[in-house]
Amino acid sequence: MAVKGLVKYIVKRGLVLYATMLAGIYITILVANMGGKVDEIILADLQTQIWDTVNRNPAYRALSGAERERIVKQMLENEIKRLGLDTPFLVRSFRYLIDAATLNLGRAQFMTSDTGSRLVANIILERLPATVMLFTTVMVINFFLHLFLGLYLSRRYGSLLDRLVVALAPTSVLPGWFYGIILILIFYTWLHVLPPGGIVDVPPPKDPLLYALSVLKHMILPMASWIIAGFFLGVYGNRTFFLIFSTEDYVEAAKAKGLPPGLIERRYILRPSLPPIITGFALGLIGSWGGAIITETVFNWPGLGSVAYTAIQYLDTPVILGFTVIYAYLLMITVLILDIIYGLVDPRIKVRFG
């Protein structure tokens with residue numbers, strides 16, 4: 001009965017999240033196209049580009065103005081059909097939604113992948129590993145760093161180190177790319193010990209071990225910039241969580257029973273405080289997979305952030321939507337998994353299945 005109730009809960013929760021995700025995607029479709037205004041911009045740019053191509057082509061110079069106008073009109077009609085702009089935006093918006101729901105991301109209007117493909121899935125998937133490799137590593141390091149240092153400071157409330165972390169917490173409002181610029185100035189411009197950007201040396205080493213070491217060397221500065229940016233605030237936040245839970249009545253009762261301090265810390269302080277910490281980690285991890293446009297630009301890192309920046313520049317709606325769809329699915333799955341994890345890590349959370 002419990003298993004049946006659990007399955008029923010997961011299905012119901014999944015359907016609600018899926019419907020919410022589709023609503024969010026459709027809003028994104030409307031915003032990305034500005035209600036169809038982007039189509040007008042694209043058509044104007046296409047007409048200008050085609051006129052410029054025809055006027056510069058020596059084969060068309062001998063033709064009359066009427067003939068060149070006819071050729072431009074025909075080429076423009078072909079481009080409109082190729083881009084699917086010959087149907088009303090409202091119709092296309094629901095077609096985009098159906099494609100998104102089935103993960104049919106289609107073809108980009110202007111962009112191509114690193115291998116020359118115009119498929120949106122290839123454009124995104126070819127850059128996803130670089131983003132996941134960099135930012136997932138940063139998020140995992142930050143998670144354990146903030147967790148254990150926060151727990152350590154909660155035991156030493158009011159100490160010099162505790163007061164220092166509290167005082168420096170506001171420095172975390174500065175973005176990672178700001179620290180990245182400073183690190184480049186120090187370790188590349190002055191010391192000449194680390195590369196300023198890129199993902200691997202040029203030319204890339206042929207030996208797999210040397211290649212991996214080269215990638216690791218290029219990861220040091222962007223990783224350090226994000227770790228420094230979130231260090232003090234992350235430690236301060238976890239330390240505050242642990243302090244709050246350490247004053248609960250059940251903790252005082254456990255102390256009165258004479259339970260060992262280590263057991264009290266693990267069972268009565270750490271475990272109840274894990275849900276908000278895990279939530280922050282999971283959502284931050286999914287968010288980091290979207291890349292960081294400015295950070296990737298500063299370090300010339302070939303990830304999803306640079307793809308998003310290029311897609312916005314070119315107003316390539318299919319790529320923007322594909323990017324949003326992938327992120328929406330990841331977010332939906334993460335939230336569903338978190339709902340299940342809450343019941344496992346927090347003894348106070350009980351879900352009545354069935």
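This report describes the overall build of one predicted protein chain.

Residues are numbered from 1 along the chain as its sequence is written.

The chain holds 13 helices and zero strands, where helices (H or I, at least four residues) and strands (E, at least two) are DSSP runs numbered from the N terminus. Confidence is expressed as pLDDT (the predictor's confidence in each residue, from 0 to 100); the chain averages 82, and 93% of the residues score at least 70. The elements with the lowest and the highest mean pLDDT are set out below.

| Element | Residues | Mean pLDDT |
|---|---|---|
| Helix 2 | 37–56 | 76 (lowest) |
| Helix 7 | 176–190 | 92 (highest) |

Where pLDDT is low, the predicted coordinates should not be read in detail.

As for overall dimensions, the C-alpha atoms fill a box of roughly 100 × 65 × 40 Å along the principal axes. The radius of gyration of the chain is 27 Å, whereas a compact globule of 354 residues would have one near 20 Å; this radius is taken over C-alpha atoms, and the globule rule is 2.2 Å times the number of residues to the power 0.38.

Of the 354 residues, 38% are buried, that is, under 20% relative accessible area, with a 1.4 Å probe and protein chains only. Among contacts (heavy atoms within 4.5 Å) between residues at least 6 apart in sequence, 72% join residues at least 24 apart.

Definitions and conventions: Predicted model: local features only at pLDDT ≥ 70, side-chain atom pairs only at ≥ 80, totals over all residues. Heavy atoms only, no water. Buried < 20%, exposed > 50% of the residue type's maximum accessible area, 1.4 Å probe, protein only.
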